[in-house]
Amino acid sequence: MQRQSKRITGLTIEIHDDGQGIAKSERKSVFQRGARVDQHTPGQGIGLSVAKEIIERYDGQLTTKTSELGRTG
């Protein structure tokens, strides 16, 4: 039995929220391990870093941009 793999191309998943947002000057740094923008909520600052690593292993991209729902641009 020969196994074939299908590659999905062009898939986009967008997540919007109405939170404080990420300032443009901090958008690249939030993907670094240990980086945290929100100091009011407990956490280790690894979530976005790990998510980006996993997504990039599958040739994907994880980016940030301004949401119409957010409060920072």
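# A first look at this predicted model

Phenylalanine 31 counts as buried, because its relative accessibility is 13%, and the cut-off for buried is under 20%. Keep in mind that this is a predicted model.

- Phenylalanine 31 sits in the segment before H1.
- Count along the chain and phenylalanine 31 is 31 residues from leucine 62, yet their C-alpha atoms are 9.0 Å apart in space.
- Leucine 62 also turns up in the pocket, as one of the lining residues that lie nearest its centre.

**The largest pocket**

- Isoleucine 15 counts as exposed because its relative accessibility is 78%, and the exposed class begins over 50%.
- Isoleucine 15 and serine 67 are 52 residues apart in sequence, with 8.9 Å between their C-alpha atoms.
- With a relative accessible area of 28%, threonine 64 is partly exposed.
- Threonine 64 has lysine 28 at 8.5 Å, C-alpha to C-alpha, although the two are 36 residues apart in sequence.

- Arginine 27 is placed in the segment before helix H1, which spans 47–57.
- What does the side chain of arginine 27 make a polar contact with? The side chain of threonine 66 is a partner, at 2.7 Å.
- A polar atom of the arginine 27 side chain also lies 3.3 Å from the backbone oxygen of isoleucine 22.

**Two salt bridges**

- Side chains of opposite charge can pair when their charged atoms come close.
- One joins the side chains of arginine 33 and glutamate 53, at 2.8 Å from N to O.
- Arginine 33 lies in the segment before H1 and glutamate 53 in helix H1, so this bridge ties together parts that are 20 residues apart in sequence.
- Glutamate 53 is partly exposed, with a relative accessible area of 35%.
- Another bridge links glutamate 56 with lysine 52, their closest N and O atoms being 3.3 Å apart.
- Where do glutamate 56 and lysine 52 lie? Both are in helix H1, four residues apart, which is about one turn of the helix.
- Glutamate 56 is partly exposed at a relative accessible area of 40%, and lysine 52 is also partly exposed, at 23% relative accessibility.

- Most residues other than glycine have a negative phi.
- Aspartate 59 has a positive phi instead, near 60°, and it isn't a glycine.
- You'll find aspartate 59 in the segment after H1.
- Why does aspartate 59 count as exposed? Its relative accessibility is 59%, and over 50% counts as exposed.
- Threonine 9 lies in the segment before H1 and is exposed too, with a relative accessible area of 64%.
- Threonine 9 and aspartate 59 are 50 residues apart in sequence, but 10.0 Å apart in space, C-alpha to C-alpha.

Technical notes. Residues are numbered from 1 along each chain as its sequence is written. This is a predicted model: local features need pLDDT of at least 70, side-chain atom pairs count only at pLDDT 80 or more; totals for chains, interfaces and linings use all residues. Side-chain values use heavy atoms; hydrogens and water are left out. On a 1 Å grid over the protein atoms alone, a cavity is a set of points where a 1.4 Å probe fits but cannot get out, and a pocket is an open set with protein on both sides within 12 Å along at least five of seven lines; lining residues have an atom within 4 Å of a point. Helices (H or I, at least four residues) and strands (E, at least two) are DSSP runs, numbered from the N terminus. A polar contact is a pair of N or O atoms within 3.5 Å; within protein, one must be able to donate a hydrogen and the other to accept it, and residues adjacent in sequence count only if both atoms are side-chain atoms. Buried means under 20% relative accessible area, exposed over 50%, partly exposed in between (1.4 Å probe, protein chains only). A salt bridge is a side-chain nitrogen of Lys or Arg within 4 Å of a carboxyl oxygen of Asp or Glu.
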